[in-house]
Amino acid sequence: MNALPSTSTPSPSTAAAVHLPESIVAADRVITILGVRVTDVTRPRACEILETMIRQYRGRTQRVYFVNAHTLNLAAEDESYRAVLNAADCVFGDGTGVRWAARLRGVRVRDNVNGTDLVPEFLEATAGRGYRYFLLGAEESIVQRAARNAVERFPGWTLAGWHHGFLNAELDRHVVRQIHAARPHLLLVAQGNPIQERWIHEHAPELDVPVAMGVGGLFNFWSGAVPRAPRWMRRLGIEWVWVLAQQRHKARRYLVGNPKFLFRAVRDAW
């Protein structure tokens, strides 16, 4: 719930210098998976998209989400959540499930664009440009440690503030005011699916933030509460096995959800 003092960094409302095109990602390939439109790009291109959103900000918060097999299962079962995802400015594909589903449609995806890798890559690639970020989500002790570690890891950005993710109507109003006062360029919301996307969708009109992004369990990794899978497992696309071993409460998501997703992807491709 802490916020750092204001600095001389530019505010979001003054960051734009050119007209925002109708769609920054209009020229990028889009794949529809279980009714959700996914922008298929490399991570370097994703970083370029994010900075363009910041630099060409014209007063409307742009929403960026990541979808994996679990997210797409939720979207397949909930039309309103699917509509939230499709109302985003950009949705990136995360994980093996997205790759399999695309291959069933004859498409080889360009990259695994997951938030856990993309966000640090973006913060490092755009260091020293006067940008600010705000962390919203997780338990208070988790987000506090995540914020402290992020300050050390990403000195080229300014931490504008942080707040835990256990909100109600009263706290929502407080958090929106806090974010508005902090004037970050990037809002990272880590509340898990579908809560984080619904929160961003609902509150985006009230926020003066160029980019609001749903990042799932990112703060757990940044805080050190949950170790990241070894790189070789990530390369093989079996990071979910590591997550399952570390977080047993997600057993149903993977052991039931993955076969369900594969069935749906096959049916959807046909």
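This is a predicted model: local features need pLDDT of at least 70, side-chain atom pairs count only at pLDDT 80 or more; totals for chains, interfaces and linings use all residues.
I began with R183, which counts as partly exposed because its relative accessibility is 24%; the bands I used are buried under 20% relative accessible area, exposed over 50% and partly exposed in between, with a 1.4 Å probe and protein chains only. R183 lies in the loop between helix 7 (169-182) and strand 7, and its phi is near 50°, a positive value in a residue other than glycine. I took helices (H or I, at least four residues) and strands (E, at least two) as DSSP runs, numbered from the N terminus.

Residues are numbered from 1 along each chain as its sequence is written, and side-chain values use heavy atoms, with hydrogens and water left out.

Next I looked up A138, in the loop between strand 5 (132-137) and helix 6 (140-153). Its phi is near 65°, again positive in a residue other than glycine, and A138 is buried at 17% relative accessible area. I also checked the peptide bonds and found a cis one joining N193 and P194, with omega about 0°. P194 sits in the loop between strand 7 (186-190) and helix 8. I noted these because most residues other than glycine have a negative phi, and most peptide bonds are trans.

Then I followed the chain into helix 8 (residues 195-203), whose axis comes within 10 Å of that of helix 3 (residues 79-86) and crosses it at roughly 65°. The axes are lines fitted to C-alpha atoms over the stretch in contact, with angles from 0 to 180 degrees between N-to-C directions. On the helix 3 side I found S80, Y81, V84 and L85, meeting E197, R198 and H201 of helix 8; contact here means heavy atoms within 4.5 Å.

For aromatics, my search of the whole structure gave six pairs, counting Phe, Tyr and Trp rings (six-membered for Trp) with centres within 6.5 Å; planes under 30 degrees apart are stacked, over 60 edge-to-face and the rest tilted. F66 and F92 are a tilted pair, because their centres are 5.9 Å apart and their planes at 40°. F66 is in strand 3 (residues 62-67) and F92 in strand 4 (residues 90-93), 26 residues apart. Both F66 and F92 are buried. Ring pairs also link F122, Y131, Y133 and W157 into a cluster.

Last, I looked for disulfides (cysteine sulfur atoms within 2.5 Å) and found zero. C47 is buried at 8% relative accessible area, and C90 is buried at 1%.
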